[in-house]
Amino acid sequence: MNIEQMIATKKPKVGQVLFIAVDGHGGSGKSTLAELLSKKFDAGIIHTDDFASWENPLNWWSKVVDLVFAPIAAGDRKLSYKRTKWWKDHHPKPAVNEPVTPIMILEGVSSLRKEFRDYISLGIFIDTPEAICLQRGLARDKGMDGKTDDEIIELWDKWRKEELDYVQRDDPKSYADIIIDGTKPFEDQLEHIVS
């Protein structure tokens, strides 16, 4: 079975929109996979990082329900919401009139959380060793906001504690329909899904 065949077995749960969640640890490859799926299915992407922050790593989920799922369920064809700020010099533009597509992707840590499961039609978990995730994350965030490497590591250590609490509570890997190896090419794995 491939990803197209897997999606064909699923039904939309948010109005007429089928949501795919792409979950995994920070640095696992979620954004890369979400971009690949977005191109393949002409799907819009909602990033959980637009709602989370260093100060609030996990308790932002009700905003996604109120600003994404509820409007789509009510028939809205465009989404607008304010994006959160991660760094002092980070000034993200708000999402304004972002189109709602027949398939949407919710990408980010805790996108398979219990509170979202009534909305998600297909769950993907990217399984990547913690050491690789940390290496990727530190490389991505190096020098951000003028912080030293030690300060970035401290932020990541705090983030990982919250993330591990979430994994312990919600066990997203067990809930996922598809588990992807974050160390191997995604396209090959999506063509040969074992369900």
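These legends go with close-up views of a predicted model.

**View 1. The largest pocket and what sits around its centre.** Here's the largest pocket, with a volume of about 520 Å³. Its lining takes in 27 residues, and those closest to the centre are Ser 31, Asp 49, Trp 86, Arg 140 and Asp 141. Helix 2 (30-41), helix 4 (130-141) and helix 5 (149-170) are the elements that put two or more residues into the lining. Helix 4 gives the most, with four residues.

**View 2. The largest nonpolar core.** Now for the greasy part: this core has 34 residues, and Phe 19, Ile 46, Val 68 and Phe 69 are the ones touching the most other members. In soluble globular proteins, nonpolar side chains do tend to be buried together.

**View 3. Phe 19 and its contacts.** Zoom in on Phe 19, which counts as buried because its relative accessibility is 0%, below the 20% cut-off. Setting aside neighbours within four places in sequence, Phe 19 is in contact with Val 14, Ile 46, Val 68, Phe 69, Ile 72, Met 104, Leu 106, Tyr 119, Ile 120, Ser 121 and Leu 122.

**View 4. The ring pair Phe 19 and Phe 69.** The structure holds nine aromatic pairs, and this is one of them. The ring centres of Phe 19 and Phe 69 are 5.0 Å apart and the planes sit at 80 degrees, so the pair is edge-to-face; the angle needed for that is over 60. Because Phe 19 belongs to strand 1 and Phe 69 to helix 3, the pair ties together parts 50 residues apart in sequence. Phe 69 is buried too, with a relative accessible area of 0%.

**View 5. Phe 69 again, this time with Phe 116.** These two rings have centres 5.6 Å apart and planes at 75 degrees, so they also make an edge-to-face pair. Phe 116 comes from the loop between strand 5 and strand 6, while Phe 69 is in helix 3, so parts 47 residues apart in sequence are tied together. Phe 116 has 0% relative accessibility and counts as buried. Step back and you'll see one aromatic cluster, formed by Phe 19, Trp 60, Phe 69, Phe 116 and Tyr 119.

Conventions
Residues numbered from 1 in each chain as written. Predicted model: local features only at pLDDT ≥ 70, side-chain atom pairs only at ≥ 80, totals over all residues. Heavy atoms only, no water. 1 Å grid on protein atoms, 1.4 Å probe; cavity = no way out; pocket = protein on both sides within 12 Å on 5 of 7 lines; lining within 4 Å. Points joined across faces, edges and corners; volume = space filled by probe spheres on them. Core = buried A, V, L, I, M, F, W, Y, C linked by side-chain atoms within 4.5 Å. Buried < 20%, exposed > 50% of the residue type's maximum accessible area, 1.4 Å probe, protein only. Contact = heavy atoms within 4.5 Å. Phe/Tyr/Trp six-rings, centres within 6.5 Å; stacked < 30°, edge-to-face > 60°.
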